[in-house]
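This briefing goes through one structure, topic by topic. Please have the sequence and the model open while reading.

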There are 2 protein chains.
Amino acid sequence: MQRWASTVARGRIPQAAAVIIGNEVLSGKTKDTNSYYLARTLFDQGVRFARIETIPDLIDDISSTVRRLSSSFDYVFTSGGIGCTHDDITYEAIRQAFGLSLEVHHPTVETMRAYYASRGVKLNSAHMRMATLPYPADKIISTPGLWVPAVQVRNVFILPGIPSLFESMVKSILAQLDCGTGKFHRLSLNLAVGESEIADCLAEVQSEFPTVEIGSYPKLSQGDPPSYTTQLCFTSRDQQLARDAVAAFESRFKHI
Amino acid sequence: MQRWASTVARGRIPQAAAVIIGNEVLSGKTKDTNSYYLARTLFDQGVRFARIETIPDLIDDISSTVRRLSSSFDYVFTSGGIGCTHDDITYEAIRQAFGLSLEVHHPTVETMRAYYASRGVKLNSAHMRMATLPYPADKIISTPGLWVPAVQVRNVFILPGIPSLFESMVKSILAQLDCGTGKFHRLSLNLAVGESEIADCLAEVQSEFPTVEIGSYPKLSQGDPPSYTTQLCFTSRDQQLARDAVAAFESRFKHI
């Protein structure tokens, strides 16, 4: 059932994508924080986060986006659209994407019934909609304290948009995920010079260390006149290699 | 030269997409704020923001993403990758996407020369890289006070990732953009009930007002036990229609 164990070869860096579903994000009503949370968490876990697509509540958009990303990445995380109102169509879209059906998941109904009973609420058809899940799912992942399940269909994890729920579920999932053999190491340098002064030197270091990802990020300081400083990031699964690249840059930089 | 004037028919809502380019966003080093800024600004302008794709600093990813979105949307905004270091490859990717060349843009060099001269800096090859632009561009859009130009190639606007620059340029561009004939109106209701209590009633109102976009957003409040409240948003280009949909919901809601 756990396809990831067989699909991510040992030593290879797994690649993940996210689909943020919601008109509220695209219309500026809501600031998406889930993709930033996922970015930091996947980085810490050693998974390369390679693409985020933010799309509207349209069934064909969701369906085609999920299908495309599922075939290109090891893991896909979706956020949003699994509530009980008319604009919650993610389960239906994923059913459509993979030619599945939708069926009531009785263990979820029972957990939900207990949750709502404690608040004096009886289940109605809207609640049942939230327990009607793509079938067959590869896994229904429960998170302690939550009745909302994370549904896994193939390599796609279907999560709610509410940040506190999304974050709890990402933690549950990543605790079970085979993320390969290593984590990323990122070393940073902050320089009081503009990028143009170090560009050539940096390009040489990048050529010398092709497997270290070297990023250069200018920052604009609001003086008069405004001035630029530069942050350099050296990222690698091999900590020593990242250190060596930093040292190579620093020894060249002294001579500029 | 201004293709938008002819491509967006009067009365039709123009659709925009964004490409956020940068490993720093995907690795969680940097929180992207440009897409949120664009979402709010396009909404205010009456442009439908229909897709955001966040992608790494890889030339083929940038090239294929921009080409695909350019053919599907009226406007595409890119953010990032137009500085002077080895990881700045957006101009080259867009050159590749549309079969263009790259040429030094002399007016940009002159503006840059004046800018840097005031700080006692002479131009070098790294600076020249920033003035080597896709050719032919459809438009080079300057922003008062900035030497960095916004380059327009077809329906694609190529912008820097630094938020203050990105935001200034979006303003300059939108001031020139033909956004059709109307703005969006969004009316909100905050209800002290969970979504499941209003889902059926809301679905009826949505059927009655198919052109009003009705979104329902649960909020989890951290009481003990935690409880849900619901925000409803009614969005339309036709303000009266949005008001009528709210009224239709409220009259039904009284009877729940």
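The side chains of B:R51 and B:E53 meet in a salt bridge, with 3.0 Å from N to O; a salt bridge here is a side-chain nitrogen of Lys or Arg within 4 Å of a carboxyl oxygen of Asp or Glu. Both B:R51 and B:E53 are buried, where buried means under 20% relative accessible area, exposed over 50%, and partly exposed in between (1.4 Å probe, protein chains only).

This is a predicted model, in which local features need pLDDT of at least 70 and side-chain atom pairs count only at pLDDT 80 or more, while totals for chains, interfaces and linings use all residues. Residues are numbered from 1 along each chain as its sequence is written, chains are lettered from A and ligands numbered from 1 in the order in which they are written, and side-chain values use heavy atoms, with hydrogens and water left out.

**Salt bridges around R51 and E53**

- B:R51 also forms a salt bridge across to A:E53, and the closest N and O atoms of that pair are 2.5 Å apart.
- A network of salt bridges links A:R51, A:E53, A:R68, B:R51, B:E53 and B:R68.
- Two salt bridges are counted between chain A and chain B.
- Over all chains, the count by this rule comes to 18 salt bridges.

**Interface between chain A and chain B**

- In chain A, 61 residues are in contact with 61 residues of chain B, contact meaning heavy atoms within 4.5 Å.
- The size of an interface is often given as the accessible area lost when the parts come together.
- About 5000 Å² is buried between chain A and chain B, and carbon and sulfur atoms give 54% of this area; buried area is the accessible area (1.4 Å probe) that two parts lose on being put together, summed over both.
- Between the two chains, 24 residue pairs are in polar contact, both residues being at pLDDT 80 or more.
- The side of chain A that touches chain B consists of 26 nonpolar, 20 polar and 15 charged residues. In this division, Ala, Val, Leu, Ile, Met, Phe, Trp, Tyr, Cys and Pro count as nonpolar, Asp, Glu, Lys and Arg as charged, and the others, Gly among them, as polar.
- A polar contact is a pair of N or O atoms within 3.5 Å; within protein, one must be able to donate a hydrogen and the other to accept it, and residues adjacent in sequence count only if both atoms are side-chain atoms.
- Strand β2 (residues 48–55) of chain A pairs with strand β2 (residues 48–55) of chain B in the antiparallel sense, over three bridges. Two strands pair if DSSP finds at least two bridges between them.
- The bridge partner of A:E53 in β2(B) is B:E53.

**Chain A as a whole**

- Chain A has ten helices and eleven strands; helices (H or I, at least four residues) and strands (E, at least two) are DSSP runs, numbered from the N terminus.
- The C-alpha trace of chain A spans about 75 × 45 × 35 Å along its principal axes.
- Chain A has 256 residues, of which 53% count as buried.
- Of the contacts in chain A with a separation of 6 or more, 70% come from residues 24 or more positions apart.

**Helices α9 and α10 of chain A**

- A:R252 forms a salt bridge with A:E204, the closest N and O atoms lying 2.8 Å apart. This pair links distant parts of the chain, with A:R252 in helix α10 (residues 239–253) and A:E204 in helix α9 (residues 199–208), 48 residues apart.
- A:E208 forms a salt bridge with A:R252 as well, at 3.1 Å between the closest N and O atoms. A:E208 lies in helix α9 and A:R252 in helix α10, so the pair ties together parts that are 44 residues apart in sequence.
- A:R252 counts as partly exposed because its relative accessibility is 26%.
- A:E204 is partly exposed at 43% relative accessibility, and A:E208 is partly exposed at 45%.

**A:T41**

- A:T41 is placed in helix α3 (residues 34–45) of chain A, and counts as buried because its relative accessibility is 15%.
- A polar atom of the A:T41 side chain lies 2.7 Å from the backbone oxygen of A:Y37.
- Leaving aside neighbours within four places in sequence, A:T41 is in contact with A:V170 and A:L174.

**B:V156**

- B:V156 is found in strand β8 (residues 156–159) of chain B, and counts as buried because its relative accessibility is 0%.
- Apart from neighbours within four places in sequence, the residues in contact with B:V156 are B:V66, B:S70, B:V76, B:T78, B:I94, B:F98 and B:V151.
- The C-alpha atoms of B:V156 and B:D200 are separated by 42 Å, the two residues being 44 residues apart along the chain.
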